[in-house]
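Here is a short briefing to read alongside the model. Let's begin with the pockets and then step back to the overall fold.

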Amino acid sequence: MRHCLLFALAIVTCFNAMFADGYKNPIIPGFHPDPSVVAVGDDFYLVNSSFCYFPGVPIYHSKDLVNWEQIGHVLDRKSQLNLENCGVWGGIYAPTIRYDNGRFYMITTNVTNGGNFLVHTTDPAKGWSDPVWLKQEGIDPSLYFEDGKCYMVSNPDNGIWLCEINPLTGEQLTESRRIWDGTGGRYPEAPHLYKKDGWYYLLIAEGGTEMGHSVTIARSRNINGPYIPNPSNPILTHFNVTGQSNPIQGTGHADLVQAPDGSWWLVCLAFRPQNGDHHLLGRETYLAPMRWDKDAWPVVNGNGTIALDMNVPTLPLVPVREKAVRDKFDSKNLGYEWVWMRNPVMDNYKYGNGQLIMKATSVTLDNQLESPSMLLRRQEHINFTATTSVSLKNASDGSEAGLTVFASEPSHYDLYLTRTSKGNEAIVLRYRLNEITHIEKTVELSGKSNNVELRVQGSPNVYTFYYSTNGGKSFEKLADINTRYLSTETAGGFTGTLIGLYATSPAGKGEGVFKWFDYEPGK
Ligand code: 6LW
């Protein structure tokens, strides 16, 4: 009897693992646009675009397509990633990751410096090559490998163009050939080629990356075309009546992957409007199941829309480590969540001994050309609390160090500790919105503080700013500031909001010393 029970329990457990029900979208929240995914055995790897931030192209690993852990960045040195003069509309656009014959390839565009290139490695966590530059223009390049040949697609001149390349030298082996224009939506882009049942399928995005975004598909028996569009295009969009009330909008820019159990899945980008059709977290990565019968067109999640709560069978779920709330800056290597704006001046940063020391330079957060002393992490949750403990060392008048909610150079909210002209210190809350720079609150401190704690709390409609001068025993509220001015709809940019630690000084004097940084997701 006991044996029977154990046997039944084992079967139930096994069954649950195989058909675990449901997951939540987005699978990678916050600024993680333009996802591309590849399966190698039972491992999945996913990359995202990164624009002006360094290191570039975060790479994630998963066993189940639902739980993802960052394993590094593909572009982690200046020889791969020149971000000179790069802003939030520039730099690294959509990447594609592919695998062929023991080698991983990531192809992308540096729209500010150099155009299309690919890098490759045998270990996706490290060791990616220097750029192999490519001739065919257009953004969103992708690769397709077949029988020892490597094909590249991208979108010059509002069309999808194909050529054959040598991926190790970059040499273009055939003339570029226009193979599809899409179904007439604006910005045909994000092309990917797949082969199934003897058909070449060409997946693209149309409609632009805003509300009209959609995913369409065409197929041909010959890689060069002609490509016949799916009569049921688009296969994914929230632009229609079926998606109009969906809390997820802008679904598009997709990539497909087949899991080892034969199931097909789609990853795409989308965003979550808050505060009246404003989105702040940038475009995020979403997952949807796909039905793809033999010789048939693929169908995404039944009706071509996706949901926050996906009540569908998944692969057996393999959770990943949760990120610690507190970063004590006690490791020689910063966590993968941290990025810089443009190529950082590494002499301006010291970390590893339980604090982060940033040289206060005269490069302000508003500077559109140089790299300020600023370390940022993505805002990954609509509700969150970020807190830091900061002090100023060797400061001169106007030196400041603190916390910023950063959308772009002309759009950020800053809470900082500063040296006043009287030689005292003050806590200041400022917002900077294009032509407007406004000091919302100033709290003069008597003498020099030792450490103050600065806090920002995110919510759908406001960021709320707090400080503490008693070691975090109690926090005083400074103000609520409307979130919408940092939204993509208002501030622009391809990147969404990041939370930054920074230090500046008009005379280039002093340092900001940060003892720790907490980022706590809220509900
Ligand atoms: C990307 C293009 C797009 O290259 O926006 O939404 C561009 N899709 O495919 C920048 O992310």
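In this predicted model, 45 residues line the largest pocket, and R321, E322, K323, E380 and H381 are the ones nearest its centre. The space inside the largest pocket comes to about 1,600 Å³.

**Lining of the largest pocket**
- Two or more lining residues come from each of β6 (69-75), β25 (326-327) and β39 (511-521).
- Of these elements, β39 gives the largest share, with three residues.
- By class, the lining of the largest pocket holds 20 nonpolar, 11 polar and 14 charged residues.

**Second largest pocket**
- At least two lining residues each are supplied by β2 (36-40), β7 (96-100), β11 (142-146), β15 (189-196) and β20 (249-258).
- This lining has 12 nonpolar residues, one polar residue and two charged ones.

**Overall fold**
- The protein contains two helices and 39 strands.
- Its radius of gyration is 24 Å, close to the 24 Å that the globule rule gives for 523 residues, so the protein is as compact as a globular protein of that length.
- Along the principal axes, the C-alpha atoms fill a box of roughly 75 × 70 × 45 Å.

**Burial, contacts and surface**
- Of the 523 residues, 59% are buried.
- Taking contacts between residues at least 6 apart in sequence, 58% join residues at least 24 apart.
- The accessible surface is about 21,500 Å², and carbon and sulfur atoms account for 50% of that surface.

Note on methods: Residues numbered from 1 in each chain as written. Predicted model: local features only at pLDDT ≥ 70, side-chain atom pairs only at ≥ 80, totals over all residues. Heavy atoms only, no water. 1 Å grid on protein atoms, 1.4 Å probe; cavity = no way out; pocket = protein on both sides within 12 Å on 5 of 7 lines; lining within 4 Å. Points joined across faces, edges and corners; volume = space filled by probe spheres on them. Helix = DSSP H or I, 4+ residues; strand = E, 2+ residues; numbered from the N terminus. Nonpolar A, V, L, I, M, F, W, Y, C, P; charged D, E, K, R; others polar. Rg over C-alpha atoms; globule rule 2.2 N^0.38 Å. Buried < 20%, exposed > 50% of the residue type's maximum accessible area, 1.4 Å probe, protein only. Contact = heavy atoms within 4.5 Å. Areas by Shrake-Rupley, 256 points an atom, 1.4 Å probe, with all protein chains shown as cover.
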